[in-house]
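I opened the model to look up a few local features and write them down. The entries follow in the order of looking.

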Amino acid sequence: MRRRARIRSAIVMLGAAAVALLPACAGTYLHEPTCGGKDAKALILAAQAVPSATLVPCIAEFPSGWSYDGSRIGSGSAQFFLDSDRAGIRALEVTLTAWCDVSNAIEVTAGVNQPGVRVYEEPISLPPTFQVNRYLRFPGGCVTNKFRFATGASATLALEAQQALSFVSRSVLVERAREETGLTLCGAEAPPCPG
Amino acid sequence: MVVYFGSVLIGVLFFQPLGGIFDRFDTLRLRWIASLRSDSLTDIVLFVNLLASRWTIRALRWGTIAALVGFRHWRHLFVFLGSMLAAEIVAYQISVLLGRSRPLGITIIGPWEGYSMPSRPSVGLAASLVGMTYALVVPGRPREIAKWVVGGVILALVVARLYLGVDHPTDAGFGAIMGIAIPLVAFRWYTPNDVFPVTYRRGKAAHLDVGGKRGEAIRRAVLDQLGYEVLDIKPVGLEGSGGSTPLRLRVGATEDEPERYLFAKLYAKSHVRADRWYKLGRSILYGALEDETPFQSVRRFVEYEDYTLRLLYDQGLPTPKPYGVVEITPEREYMIVMEFFDGAVEIGDAEIDDAGIDEGLQIVRKMWDVGLAHRDIKPANLMVRDGKVLVIDVFFVQVRPSPWRQAVDLANMMLVLAVKSDAKRVYEHALALFTEDEIAEAFAAARGVASPTQLRSMLKQDGRDLVGELRAMAPERKPVSIQRWSVRRILRTAGVLVLALLALLLVLQNWNVFA
């Protein structure tokens, strides 16, 4: 009897925790935000999350050993995560917001072939546990790339990861939305929306 | 409504232009609503939208879980947990499958997260509120009122989300309907009101309410099918019965018989399901100890009990006289009617003398001799009237049982009698009817699950080590294992484990992507 009661209690507690926590874990595993892909759902949603952003980060191509690990998109920010077989799970977190604080970062010149984008770097820790925040500011938005590598992973993997990332212009997404639905993707580079 | 939303789902999924049509239709409605926006109204609507916040939903769910645990409404608790999980998982999977953006062509002024179709906050709130209504509110007028209140709250949330432009009308509507439908179906299916009503009175889930329409149906059926006018229906012995609803019927006088009591056991489909799960559990935990084939219908259930009752009665065992089976609702509810042992008391409440011990043991001896086993010898199933021991509840009776089962019957009877007297007396009386070797076998076989729960708890309360004493008096005998291994048991156990694992993986998969 006592054993059965214990099993029942355990099931109840597990179920209760899951049920109660599910609405709290409201982030979502969305479609992959691929640059120039047929499926622009995640990119359009990201553009809706930050209506002022003129650029939206996307995945151009994966270097060997890197893979997509989900997104979280909601009003105000759009995030996606990349895993590496050497740098670890969610070794890179890419976040689009309307603005970001670069007061602790240093402006650098290297790395992005996108006009109007200014790059800042904020080292958090050096190898063997490489951690850096890289900010890419542009009109109406900012992308924060958080590199959080596993201990022992080479810092050169950050260069690989950067190859995976690119931008899609908001105007392209506005056009895409118009073609598919006949409606306006409100925000920057689009006609004003009602409301 | 279901057809409408089904067609929307299929249309949007497989026909891109149709998705565009829905977008434009929704946007037109949203633009009209947005034309009503004002600063003060927006403040109010943002407040209403807090209904869908994760903290509100958390509080509602934890509150419900706490209440259900507190009132020990386990069945309702499991259905509540299951329906909440199902609602969250289904809503999430559909949202990813459809991948619908937030409304285009309108300025969004409220917070949102993820894809829009279906509206997951609407699903979450509607599922929580409907689940609460069906898990906590008693059926009848209170539940009717609760449904209207819940409907009003859900409508307010839907309107708020359309005003803020965070959901399309079809998202919010689909979400609300999904959130209502999943717990509604789950509760109606697994906790039907007439079988598992929400009640704050004490009682077992297996016991059906015999008032109202069911009471009327019972009176009508007994009169039509058995020819007795039922004057009164009273549930009796509920604490000793978990598998049916035992009733005492007061029936009017007939030409041959005076007014008197009859005993009846009411069975519904829920009892068949419970029997099925019970047998599955036993076959996994212990293997094929005996015939574990489940009954397929309520009719078969009562047919079997009627048969065993007549069998024992014909063999001259002190069991109630059978009166037959009454059909209350075809294929759903049946009642078996038998003699009521008026004036009899449960053996636990009676005094047992040497003659009583002999009678109890003779019942087992006779069953052995005619090739039967009762399989549920416990205090609640042994009555005493005028010093005579009577046996009831013959549902588990087995014809030509295994020697193990017959031995267990003997051990259980001896234990019941020993609780009411002492081990030595019972052992000495038993020697008059059974050999030492048979008694030794009985106590080698009776271990753990072999004794009914009520008997085990009675032995525990008694405090004496009656099992040990009786076992010590009998010749030494190697314990009989109750574990039976077979390919079927292994496959069945593996099947259940695989299903459980799949369910767990489903939750974990969704958990991972949420976290």
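Predicted model: local features only at pLDDT ≥ 70, side-chain atom pairs only at ≥ 80, totals over all residues.

**Entry 1: an aspartate in a loop.** I looked up Asp376(B) and found it in the loop between strand S7 (372-373) and strand S8 (382-385) of chain B. Is Asp376(B) buried or exposed? Its relative accessible area is 9%. The cut-off for burial is under 20%, so Asp376(B) counts as buried. I then listed what Asp376(B) touches, leaving out residues up to four places away in sequence: Asn381(B), Asp393(B), Phe396(B), Asp409(B) and Pro452(B).

**Entry 2: the sheet that includes S8.** I followed S8(B) into an open sheet of three strands, ordered S6-S8-S9 in chain B and paired antiparallel. Its edges are strand S6 (345-346) and strand S9 (388-391) of chain B, each with pairing on one side only. I noted four bridges between S8(B) and S9(B), which run antiparallel. As one residue pair, Leu382(B) is opposite Val391(B) of S9(B).

**Entry 3: the five-stranded sheet.** I next traced an open sheet of five strands in chain B, with the order S1-S2-S3-S5-S4 and antiparallel pairing. Which strands are at the edges? They are strand S1 (230-235) and strand S4 (322-329) of chain B, and each pairs on one side only. From one strand to the next, the twist averages 25 degrees. For the pairing itself, the general rule is that strands of a sheet are joined through backbone hydrogen bonds, parallel or antiparallel. I checked S4(B) against strand S5 (residues 333-339) of chain B and found six bridges in the antiparallel sense. Within that pair, Thr329(B) has Glu333(B) of S5(B) as its bridge partner.

**Entry 4: helices on that sheet.** Helix H9 (residues 212-226) of chain B touches S1, strand S2 (245-251), strand S3 (260-268), S4 and S5 of chain B. The direction of H9(B) makes about 130 degrees with that of S4(B). Helix H11 (residues 298-314) of chain B lies across S3, S4 and S5 of chain B, and runs at about 170 degrees to S4(B).

**Entry 5: chain B as a whole.** I took the totals next. Chain B has 18 helices and ten strands, and 50% of its 515 residues count as buried. I also looked up contacts between residues at least 6 apart in sequence: in chain B, 73% of them join residues at least 24 apart.

**Entry 6: an enclosed helix in chain A.** I moved to helix H2 (residues 41-49) of chain A. Eight of its nine residues are buried, so the rest of the structure largely encloses H2(A). The buried ones are Ala42(A), Leu43(A), Ile44(A), Leu45(A), Ala46(A), Ala47(A), Gln48(A) and Ala49(A). What covers these residues? I found that the cover includes strand S1 (55-59), strand S2 (66-74), strand S3 (77-84), strand S4 (88-97), strand S9 (165-169) and helix H4 (170-181) of chain A.

**Entry 7: H2 against H4.** I looked up the axes of H2(A) and H4(A), which come within 10 Å and cross at roughly 115 degrees. H2(A) is therefore roughly perpendicular to H4(A). The crossing of H2(A) past H4(A) is left-handed. On the H2(A) side the contact is made by Leu43(A), Ile44(A) and Ala47(A), and on the H4(A) side by Arg170(A), Leu173(A), Arg176(A) and Ala177(A). By class, I recorded five nonpolar residues, no polar ones and two charged ones in the contact of H2(A) with H4(A).

Definitions and conventions:
Residues numbered from 1 in each chain as written. Chains lettered and ligands numbered in written order. Heavy atoms only, no water. Pairing = 2+ DSSP bridges. Helix = DSSP H or I, 4+ residues; strand = E, 2+ residues; numbered from the N terminus. Axes fitted to C-alpha atoms, helices over the stretch in contact; angles between N-to-C directions. Contact = heavy atoms within 4.5 Å. Buried < 20%, exposed > 50% of the residue type's maximum accessible area, 1.4 Å probe, protein only. Parallel < 35°, antiparallel > 145°, perpendicular 65-115°, else oblique. Left-handed = near helix turned anticlockwise from the far one by under 90°. Nonpolar A, V, L, I, M, F, W, Y, C, P; charged D, E, K, R; others polar.
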